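Here is a short briefing on one protein model. Look over the sequence and the structure first, then read the points below.

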Amino acid sequence: MKSGAFKGLRLTNTLTRTKEDFVPIDPQNVRMYVCGPTVYDFAHIGNARPAIVFDVLFRLLRHVYGERAVTYVRNLTDLDDKINARALRDFPDLPLNEAIRRVTEKTANQYQADVKALGCLEPTVEPRATEFVLARPDGKTDMVSLIQRLIERGHAYEAQGEVLFDTGSMEDYGQLSKRNLDEQQAGARVEVEAHKKNPGDFVLWKASSAEEPGWESPWGRGRPGWHIECSAMASAYLGEVFDIHGGGLDLIFPHHENEIAQSRCAHGTEVMANYWMHNGFLQVEGQKMSKSLGNFFTIQELLATESFGGRAWPGEVLRLAMLMTHYREPIDFSVRKLEEAENTLRKWKRAADSAGDAEGQVPASLIAALSDDLATSSVFQGLSQLASEAGGNVTAAAELKAALLFLGFGLEAAEVDEVAVAATIARRLELINARNWAEADRIRDELLAQGVQLKDGKDPVSGERVTTWEVKR
């Protein structure tokens, strides 16, 4: 891998729309918050992208500042009207938080197993939203107390059983999404609900009927709005102002915008987090993922079933496929991309295996590339270069091995799926017979990258084209 030196971390900040030098508030306590999934159902493949992207950033921060100097909080949202209703229906005799825990235990455990299979480290803390609704014995920030503070400071008001955030009370509301509040006035295109002061005012607390689950509060029995939970949990573990807040691009508005409003106005701070990072959207085979299109896949389905591409996929293959596209760019998740990732990973592992017991250091150029706003394409070019050098160079092989481990990939040998190879060879023969030489050559090269060597010939009896193959270990 070409020489490179760490010159400091630079990140694209959604708040300023620029790439900036990363300067932590306290280098001995670097703090990051990332929005996790709602555990109503199994996590879908779109949920995998932020988990993987910010895991890479977590690893980089730990490398630069030290493992004990980084706190990574990724929440689980178990506050949801569907979850609440199911909890009340299935466990009517249990306290609400305990009933919700019973309802979401399977999906939460599955998410943790899924992201582990994707090569992600455990976050430092993984709080559940239900644990932060009411005042806590340990005094950590809770949602009810935050809402009370917003009312006291003139940033929230009660109306028709709800508590709403007053967007008009915040002069620079909309900084993150660049939405102008003045454009959201009542008129032909925006209908203002009668109890709202402004069209953009959003719910902090909503009333619960006798038939709906709820918690007791100063405003009556009810439940929190969506956005307040992350403001509470981030403050509880990271303080009023912290370093990095991350999540998917779809969360910029309204979720992250409203988090900023709540947190800044409750604490009287100029910012909530200094750096805001967002990963791009995900499509599946060129289309927006949706159940109606039949292209909605959970992480578990990809890991354990044949629903996508007619086979199950190793977690590390899903991980590499996600990282092959820069985190800020949209990604087209496809069978072709997974096949490419699998072939590449197999080639890297074979090359790294030639290091034997030799140990290497993570190349400085890898750290330098990642430090440039997680430039994974440059990283992978470097890994491919190391793999090409590894045959007669133990140092290169050892560096490749260290790099793969650093990036969350295992070193166990990637086995060749003989059934899949046979099917691929049959497809290649069809292409040859159709004189589609370019596509046939592409498939040959892909198989060679897996360590599969082909030998073309003719059947001595029938005279038909045949291909034999063997795996080069």
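The protein carries 54 positive and 69 negative side chains, and the centres of the two sets lie 4 Å apart. Lys and Arg count as positive, Asp and Glu as negative, while His and the chain ends are not counted. Each charge is placed at NZ of Lys, CZ of Arg, CG of Asp or CD of Glu.

This is a predicted model: local features need pLDDT of at least 70, side-chain atom pairs count only at pLDDT 80 or more, and totals for chains, interfaces and linings use all residues. Residues are numbered from 1 along each chain as its sequence is written, and side-chain values use heavy atoms, with hydrogens and water left out.

**Overall build**
- The protein has 14 helices and 15 strands. These are DSSP runs numbered from the N terminus: helices are H or I with at least four residues, strands are E with at least two.
- The C-alpha trace spans about 85 × 50 × 50 Å along its principal axes.
- Of the 473 residues, 51% count as buried. Buried means under 20% relative accessible area, exposed over 50%, and partly exposed in between (1.4 Å probe, protein chains only).
- Among contacts with a separation of 6 or more, 72% join residues 24 or more positions apart. A contact means heavy atoms within 4.5 Å.

**Cysteines**
- A search of the whole structure finds zero disulfides. A disulfide is a pair of cysteine sulfur atoms within 2.5 Å.
- The sulfur of cysteine 230 has its closest cysteine sulfur in cysteine 35, but at 3.9 Å that is too far for a bond.
- Cysteine 265 is in no disulfide either; its nearest cysteine sulfur, that of cysteine 230, is 17 Å away.
- Cysteine 230 is buried, with a relative accessible area of 1%. Cysteine 265 also counts as buried, at 8% relative accessibility.

**UniProt annotations**
- UniProt positions follow the numbering used here, feature names are shortened, and annotations may be inferred rather than shown by experiment.
- An unreviewed UniProt entry places a "binding site" at Lys291. Lysine 291 sits in the loop between β12 (287–288) and α7 (299–304). Lysine 291 is exposed, with a relative accessible area of 61%.
- UniProt lists residues 331–358 as "coiled-coil region" (unreviewed entry). In the model, residues 331–358 are 68% helix and 11% strand, with the end C-alpha atoms 36 Å apart.
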